[in-house]
Each structure stands twice: as structure tokens, then as C-alpha cells.
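These are my notes from going through one structure. I kept the order in which I looked things up.

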2 protein chains.
Amino acid sequence: MTRQGGRAARGPGRRPGAPDTRGSILDVARQSFADHGYDATTLRGVARAAGVDPALVHHYFAGKHQLFLAAMDLSVDPEVLVSQVLDGDLADIGDRLVRTFLGVWGQPAHRARLTAMVRATASSENVSGLMREALTHLIFDRIAARLDRPDTALRVSAVASQLMGLAMARYVVRIEPLASLDDDAVVRLVGPTIQRYLTADL
Amino acid sequence: MTRQGGRAARGPGRRPGAPDTRGSILDVARQSFADHGYDATTLRGVARAAGVDPALVHHYFAGKHQLFLAAMDLSVDPEVLVSQVLDGDLADIGDRLVRTFLGVWGQPAHRARLTAMVRATASSENVSGLMREALTHLIFDRIAARLDRPDTALRVSAVASQLMGLAMARYVVRIEPLASLDDDAVVRLVGPTIQRYLTADL
């Protein structure tokens, strides 16, 4: 193959916005969030590991939170979901959390993606690290901040266990009758569990 | 390599117990249990699909239950575990179920294997079908039979959701502090959830 037939030569005028630069930054960021967690990951460290100038990371991502959201490539906005859960009486937060969870899973556009995420979480140390950070940073820390209870970390890890299991049993392994139950019945079944984990004396 | 150096020639007197026959039967059985479930799988059907005489299946396995146990290749005896859970007051069954579950997972020899099973269950339709049958047939049906409550199928599917999630959160994804909690604390945390799913008015 001649040189002309290959890909275009890179000239000195190439802009720092080539399509693969953003992707490389995201790959590095995903690895760092998975390996070191949200708190220990810095934009500067990601820039260094990706071999780019920190200003370039800032060019693409307004801050660490935005970088994390992009690295997770979520199809839903966790801010909106958390607001739905927190908006109301703390005495009903279990029901609202389950209903919000079912609402996201109930949308066919999300379900395939979420199922893939659960599978990847179960099978890969990297993805499970990323998922742990996402659950903690985007959702559970913000719910915990609302609770005026001791042991919030323990409470939210118990909630995580029931919700991951609900996703597995209802959508991935599909254990009946839970898999075919309507949302209201699932809220009645699982809502009190979440309520107890979040607000009861444990 | 000479013929003598290779494996022995198969004479007409070859017994129907060649090492790979049992393995072939198990492969077919595993597929059938995963695809069609425990109830719809028959020794005759497995023999036909494996291309062997039904008597040969009976030669290796005393019955369908034994074939299923061998196909699951479990490192623990579910009969013993279920007996531990059922042996006592129904008012404490939630705590006993969680304690038995943690006891199995707590043994290093089992943990790697069980983690692999959870991962495989999440990632493969085949394995998740097999796991669904195993949980139902070996464990949950037998616990349900002990409960004098309506909706036993719903109850045990709710229990399955919490226990699968506990396995994911504590051993696979390792969400803290749940992952490092001692067994007694996990029983206090999760036992009441299982108790409610099994015996409360839902």
C-alpha cells in the first residue's frame, strides 16, 4: 500500500480536538476512577496519565464531576433521580427509592444498558470498582447526607445490596414471580426493606 | 509416535463406562436444566439428547435429583444447609438463613467458587437458568413447604433478591462497610429483612 493510500499525514496545524483525544482522556479517567476511586482521581493526574496538557482536559470537561459522568456514560441523570427520591417525607423514602429505581429499569431504552452494566459489574473488577464509586458518589452519599441517622455508610451499603439483588433477580436472572410483578407490588414488597435500612434503629 | 505409544486401541469389549460418557451426559443435562427447567427435564430425554441408552444414565445417576446435583457440581450439600435453616423456630428463620448463607461464603474454599458462580449467573443466560432452577428446586421450594403462609413463591423470590444482592455487595463488588462487617452484624442487619419476606403479612 502506498503512503497516499494510508491515512492522512498529521500536519503541525492539527487542532488539539481530534476525536480520539477526548476518548483517550475518558479511557484513562475510567481506569483511574475504578482503580483509585473518585476522591483520589484528579484532572491533573488524568491529564498526566493520558499524556495531554491539563488545559485540554479542562477544555472537554468542566470539572471532575463532569469527567466522571462522561466516563460512566450514563443514560440517565443521577441528579434528577436523587432529587425524586429526596423530594418528600423521610418516612416514605424507601417507597420513593424503589419506585424511582423501577422507573429507570422500566424504560426499554435503559433496561438493556443497565442489564449490561450489572453483568459487567459482576464479571469485572474494574467495572465493579467504577460502579462502587458511581453508586457512592452520585447517589448514596447524597441520600446519606439527607438522613439524620448514625451509621449512614452501613445503611446505604445495605440499600445497595437489596437494590443490586432486585436488579439481578427481577431483570437479569428473572426469578418469578418477582420478575413479572407490577411496580406497585414491588414497591410494597421491597419499599419497607429500604425504609428500614435507611431510617430504623439497626 | 508409534501406535503402541498412543492410547490403547478400543476393542469390542469396551465397557459403557468410558470417562467421557458421564461427562457428555452431564453436559446435556446441564443444558436441559438451564433451558427447560428441573421439572421438564427427564432422564430419558437427557439420554436421547446425549445419544446413549437410558440404562446408561441410570448406571451413573440414581435419579433426576442426583443428576441435577452432579450437573450443578456443588461444593456444598444443599440438604444439610436447608436442614440448618429449617431446624428451629419459624420466628428466627430469617437469622438462621442469613447465618447459614454467611457460613458457606465464609469458607475460603467455597468463596472463590461461589464468586465465580455469581459472575457466571450474571453474565450467562444458561447459567442463570441453571441457578434459578437450583435455588428453586434445592433450597426455596423446601423452605416454602415449611412456611404456612400465602404467596410463598413471591416470598422466596424476594429472599433470593436480597441474598443475591448480599453476595454481590459483600463478596463480589465489595461495598463498604458491608464487605468488612462481621457475620453477627450482617445477621442483625439482613436477618429481619429475610424474616419479613418469609413470614410477615406482605
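**Entry 1: a tyrosine in chain B**

I started with the contacts of B:Tyr171, leaving aside its neighbours within four places in sequence, and found B:Leu102, B:Trp105, B:Arg111 and B:Leu166. I note here that I am working with a predicted model. B:Tyr171 belongs to helix α9 of chain B, which covers residues 152-172.

Is B:Tyr171 buried or exposed? I read a relative accessibility of 7% for B:Tyr171, and since the cut-off for buried is under 20%, B:Tyr171 counts as buried.

I then looked up B:Leu114, which is 57 residues away from B:Tyr171 along the chain; their C-alpha atoms are 9.3 Å apart. For polar contacts I noted a side-chain to side-chain pair of B:Tyr171 with B:Arg170, at 3.0 Å.

**Entry 2: how the two chains are related**

I superposed chain A on chain B; this takes a rotation of 180° with a shift of 0.0 Å along the axis, and the RMSD is 0.1 Å. The two copies are therefore related as by a two-fold rotation axis.

Which residue of chain A comes closest to the rotation axis? I found A:Gly165, with its C-alpha at 1.7 Å from the axis.

I also compared the two sides of the interface. The copies meet through the same surface, because 100% of the interface residues of chain A are also interface residues in chain B.

**Entry 3: the interface of chain A and chain B**

I counted 36 residues of chain A in contact with 37 residues of chain B. The size of an interface is often given as the accessible area lost when the parts come together. For chain A and chain B I have about 3,200 Å² buried between them, with 64% of it on carbon and sulfur atoms. On the side of chain A, the residues that lose the most area to chain B are A:Ala122, A:Val173 and A:Leu189, which together make up 17% of what that side buries.

I looked for salt bridges between chain A and chain B and the count is zero. Polar contacts are present: 12 residue pairs across this interface, both residues at pLDDT 80 or more.

Next I sorted the chain A side by element. Helices α7 (108-123), α8 (125-146), α9 (152-172) and α10 (183-199) of chain A each supply at least two residues to the side that touches chain B. The largest share comes from α9(A), with 13 residues.

**Entry 4: the two domains of chain A**

I took the division of chain A as domain 1 (19-72) and domain 2 (78-199). Their centres, taken over C-alpha atoms, are 27 Å apart. The contact involves 12 residues from domain 1 of chain A and 10 residues from domain 2 of chain A.

How much area is buried between domain 1 and domain 2 of chain A? I have about 980 Å², of which carbon and sulfur atoms give 69%. In domain 1 of chain A, the most area is lost to domain 2 by A:Ala34, A:Phe68 and A:Met72, together 49% of what that side buries.

I found zero salt bridges between domain 1 and domain 2 of chain A, and three residue pairs in polar contact, both residues at pLDDT 80 or more. On the domain 1 side, α1 (19-40) and α4 (64-72) of chain A are the elements that give two or more residues. I noted α1(A) as giving the most to that side, with eight residues.

Key: Residues are numbered from 1 along each chain as its sequence is written. Chains are lettered from A and ligands numbered from 1 in the order in which they are written. This is a predicted model: local features need pLDDT of at least 70, side-chain atom pairs count only at pLDDT 80 or more; totals for chains, interfaces and linings use all residues. Side-chain values use heavy atoms; hydrogens and water are left out. Helices (H or I, at least four residues) and strands (E, at least two) are DSSP runs, numbered from the N terminus. Buried means under 20% relative accessible area, exposed over 50%, partly exposed in between (1.4 Å probe, protein chains only). Contact means heavy atoms within 4.5 Å. A polar contact is a pair of N or O atoms within 3.5 Å; within protein, one must be able to donate a hydrogen and the other to accept it, and residues adjacent in sequence count only if both atoms are side-chain atoms. Copies are superposed by least squares on the C-alpha atoms of residues with pLDDT of at least 70 in both. Domain bounds come from an automatic or database domain assignment. Buried area is the accessible area (1.4 Å probe) that two parts lose on being put together, summed over both. A salt bridge is a side-chain nitrogen of Lys or Arg within 4 Å of a carboxyl oxygen of Asp or Glu.
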